[in-house]
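Let's take a look at how two protein chains sit together. Have the sequence and the 3D view open while you read.

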Amino acid sequence: MIIVFQCFGGTHTSVVAASIYLGRLPRTGRPALEQILALPYFDRNDAASVGSLFFDGFDCRGNIVCILGSGGWGSQIRNLLASVLELARDGESVVVPEVAVIDCLPEAGPAVRVGGFISRRLGFTALGRPLVSRGIIGSYPRLLKLVQRFESDPAPFLLK
Amino acid sequence: MIIIVYCSRGSVFPALLAAISHCSPGLSPGRAWEEAKTWAGANLTTEGEPFVFKPYAQTSPGEIICILKVAFPLPLLKRTLQGLDGLIGNSCSLLPALCRFPCMAGRWRRGWGAGPGKACQREIAALVDRTLLQVELIKRQ
């Protein structure tokens, strides 16, 4: 299975959710600010990389975990991926893995959105990054719940 | 298996004309336009749909041509399809062909009622030629 964590820029909520899933961030309590800032993709992808799939690691079952920024077109991108995969699966002797897409954007609070905009769009990293990382710590319980929901039942997240 | 995806933004017609040109290289522009209108009438409910993905033809066993119309920027689409291509393995290749022509700017405003202009026809022919070359390369690999 390929597991894709998706958000607006592919650099804040999706990165943190993927890190929770991969065990890089704690499941009890909130992480420290330094732990968030040390994540390799956190607040580092810019607009030019929106749409690119970034490999973030393998989970304990050997599944590929990726991060995807989709701008404001998340649902259209999911439709596109589902349509292409469905077509590819129709081909004889073609083995296409299952793909699960977890939309993290609804879990982004106002501080994450404003901080992300200041840091990534306007380029004021020194101002935006502390705001977005504090926002992420605020949204952390919701992101943890999303990851746990996916782990307990991946079916609703699979592209069909 | 190769999936060739002709993509355009805002209107299905550039992608459709490229797909027609790919499948029937000798077709005159007028006939291609008629065929595009007929195909769109038969396969699309309304031109206003923001997202359209339809298989158009199978040119050879294991080679499918698709039409894709999206509302979001084509570079974003290309990056996503290339990323997906890298993940789904060697048994299937995705080849995005983007209809991104400067000469279309006027068509966007005037609509596609009169069919593509000469500049657009040239761009479509060049896109199809480039796509065919890439298909050749993928087959050799």
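## Where the chains meet

In this predicted model, 25 residues of chain B are in contact with 29 residues of chain A. Together, chain B and chain A bury about 2200 Å², and 80% of that is on carbon and sulfur atoms. If you're wondering about that unit, the size of an interface is often given as the accessible area lost when the parts come together.

What about charged pairs across the boundary? Between chain B and chain A there are zero salt bridges. Polar contacts do turn up: four residue pairs across the interface of chain B and chain A, with both residues at pLDDT 80 or more.

## Chain B's side of the interface

Which parts of chain B supply at least two residues each to the side that touches chain A? They are strand E2 (52-60), strand E3 (63-70) and helix H3 (74-87) of chain B. H3(B) gives the most, with eight residues.

Sort the side of chain B that touches chain A by class, and you get 21 nonpolar, three polar and one charged residues.

## Aromatic rings

Over all chains, a search of the whole structure finds eight aromatic pairs. Take Trp73(A) and Phe72(B): their ring centres are 6.1 Å apart and their planes are at 45°, so this pair counts as tilted. Trp73(A) lies in the loop between strand E3 (64-69) and helix H3 (74-90) of chain A, while Phe72(B) is in the loop between E3 and H3 of chain B, so the pair joins two chains.

## Salt bridges

Side chains of opposite charge can pair when their charged atoms come close. Over all chains, the count comes to eight salt bridges.

One to find in the viewer is Arg24(A) with Asp56(A), whose side chains meet at 3.1 Å, N to O. This pair links distant parts of the chain, 32 residues apart. Arg24(A) is in the loop between helix H1 (13-21) and helix H2 (33-37) of chain A, and Asp56(A) is in strand E2 (residues 53-58) of chain A.

## How confident is the predictor?

Chain A averages a pLDDT of 92, with 98% of its residues scoring at least 70.

For chain B, the mean pLDDT is 84, and 87% of its residues reach 70 or more. Where pLDDT is low, the predicted coordinates should not be read in detail. For the complex, the predictor gives an ipTM of 0.83 and a pTM of 0.87.

Technical notes. Residues are numbered from 1 along each chain as its sequence is written. Chains are lettered from A and ligands numbered from 1 in the order in which they are written. Side-chain values use heavy atoms; hydrogens and water are left out. Contact means heavy atoms within 4.5 Å. Buried area is the accessible area (1.4 Å probe) that two parts lose on being put together, summed over both. A salt bridge is a side-chain nitrogen of Lys or Arg within 4 Å of a carboxyl oxygen of Asp or Glu. A polar contact is a pair of N or O atoms within 3.5 Å; within protein, one must be able to donate a hydrogen and the other to accept it, and residues adjacent in sequence count only if both atoms are side-chain atoms. Helices (H or I, at least four residues) and strands (E, at least two) are DSSP runs, numbered from the N terminus. Ala, Val, Leu, Ile, Met, Phe, Trp, Tyr, Cys and Pro count as nonpolar, Asp, Glu, Lys and Arg as charged, and the others, Gly among them, as polar. pLDDT is the predictor's confidence in each residue, from 0 to 100. Rings of Phe, Tyr and Trp (its six-membered ring) pair if their centres lie within 6.5 Å; planes under 30 degrees apart count as stacked, over 60 as edge-to-face and the rest as tilted.
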